[in-house]
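Visitor: I am new to this structure and would like a close look at a single part of it. Please show me the model, and then I will say which part.

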Amino acid sequence: MGTQNPSAPPRSQSAPGGNPPRSRHRTTTGGVIHENRRHTTRFVVIGNHLTQHTELSLLAIGLGCHIQSLPAGAPVDIKSLAARFKEGTKRISDALRELETYGYLRRERVRTPTGRIITRTTSCNQPGHRRETTPVDCPAPRPRPTAKRPRKALPAVPRPGYPAPALLQQATDLLAGLRRHDPRLLLSATDTEHLAPGVAAWLEREVTPTAVRHALTTNLPDAPLHRPAALLAHRLTDGLPPLPPYRTPAEPLPVRHPLRNCDGCDHAFRAPGTETHCRACRTAAASHP
């Protein structure tokens with residue numbers, strides 16, 4: 001049996017699971033090499049559960065990191081983000097919906113003390129963890145699907161013949177108020193924008209806002225509403241009332257000119273402002289040139 005070499009280095013122990021030892025030398029496999037320095041100013045801590053998320057798109061991850069780095073009160077609506085980045089409103093809107101799906105973002109339609117409807121956005125850096133300083137906590141992330149499925153589009157809704165801005169705003173306000181009749185009818189800004197033309201089509205058919213609200217909120221199922229916007233879209237399409245009967249426009253009233261005195265005989269007569277003499281004086285003047 002040979003003598004052990006006391007100067008031989010001890011056998012390296014295996015690293016804990018999930019934390020492989022880092023080599024001091026550069027590898028030849030082409031992987032990333034980190035050169036890190038500790039930040040002391042202008043930095044934000046972001047979890048790897050977001051930066052290495054397996055279901056979020058790269059745009060959604062980047063947008064989530066950007067939003068978490070912003071100060072409180074910074075605008076993060078679609079128009080503001082599209083002005084900051086060049087991806088466009090459609091891609092930014094899709095990325096925001098991804099962040100909502102996995103609990104990193106929450107958007108709510110709220111009414112200000114002045115009556116204006118705004119969208120309040122809450123960024124959650126750890127979905128599912130309660131924040132002690134606020135009574136509203138971020139929603140827990142949904143279970144990861146085995147395969148990424150695109151969000152099913154909402155059913156189409158009727159369109160008004162004349163989509164005037166005032167009519168669409170009235171429809172938007174009506175939809176935003178449905179949650180006061182049933183909390184399950186809390187709609188996102190995207191769903192409200194999709195449903196507003198359907199409500200406007202009802203209002204255009206001379207249906208009162210009260211009647212529209214009654215048609216949308218009466219006899220709802222007792223079971224939880226997983227997609228309230230889809231149910232409302234079905235009701236707007238299935239129960240669309242007919243157009244009101246055609247009414248013949250009333251004939252305009254005859255023009256009644258004001259009284260004025262004739263410059264010839266001083267008698268009162270009715271005529272446009274361009275006439276200075278009554279009919280009798282004009283006839284007499286025409287017969288005696």
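Visitor: Which residues in H5 meet which residues in H6?

Guide: A word on the source comes before the reply: this is a predicted model, in which local features need pLDDT of at least 70 and side-chain atom pairs count only at pLDDT 80 or more, while totals for chains, interfaces and linings use all residues. Residues are numbered from 1 along each chain as its sequence is written, and side-chain values use heavy atoms, with hydrogens and water left out.

From H5, the residues are Leu167, Leu168, Gln170, Ala171, Thr172, Leu174 and Leu175. They meet Thr192, Leu195, Ala196, Pro197, Val199, Ala200, Leu203 and Glu204 in H6. Contact here means heavy atoms within 4.5 Å. By class, this contact has 11 nonpolar, three polar and one charged residues. Ala, Val, Leu, Ile, Met, Phe, Trp, Tyr, Cys and Pro count as nonpolar, Asp, Glu, Lys and Arg as charged, and the others, Gly among them, as polar.

Helix H5 covers residues 165-176 and helix H6 covers residues 189-204. Helices (H or I, at least four residues) and strands (E, at least two) are DSSP runs, numbered from the N terminus. H5 and H6 pack at an angle of about 115°, and their axes are 8 Å apart. That makes H5 roughly perpendicular to H6. Axes are lines fitted to C-alpha atoms, for helices over the stretch in contact, and angles run from 0 to 180 degrees between N-to-C directions. Angles under 35 degrees count as roughly parallel, over 145 as roughly antiparallel, 65 to 115 as roughly perpendicular and the rest as oblique. The crossing of H5 and H6 is right-handed; a crossing is left-handed if the near helix is turned anticlockwise from the far one by less than a right angle, and right-handed if clockwise.

Helix H7 (residues 209-217) packs against helix H8 (residues 228-238) at an angle of about 125°, with axes 9 Å apart. That makes H7 oblique to H8. H7 passes H8 in a right-handed crossing. In this pair, Ala215, Leu216 and Thr217 of H7 meet Leu232, Arg235 and Leu236 of H8. The residues of that contact divide into four nonpolar, one polar and one charged.

Alanine 271 lies between strand E4 (268-270) and helix H9 (279-287). Leaving aside neighbours within four places in sequence, alanine 271 is in contact with His257, Pro258 and Arg260.
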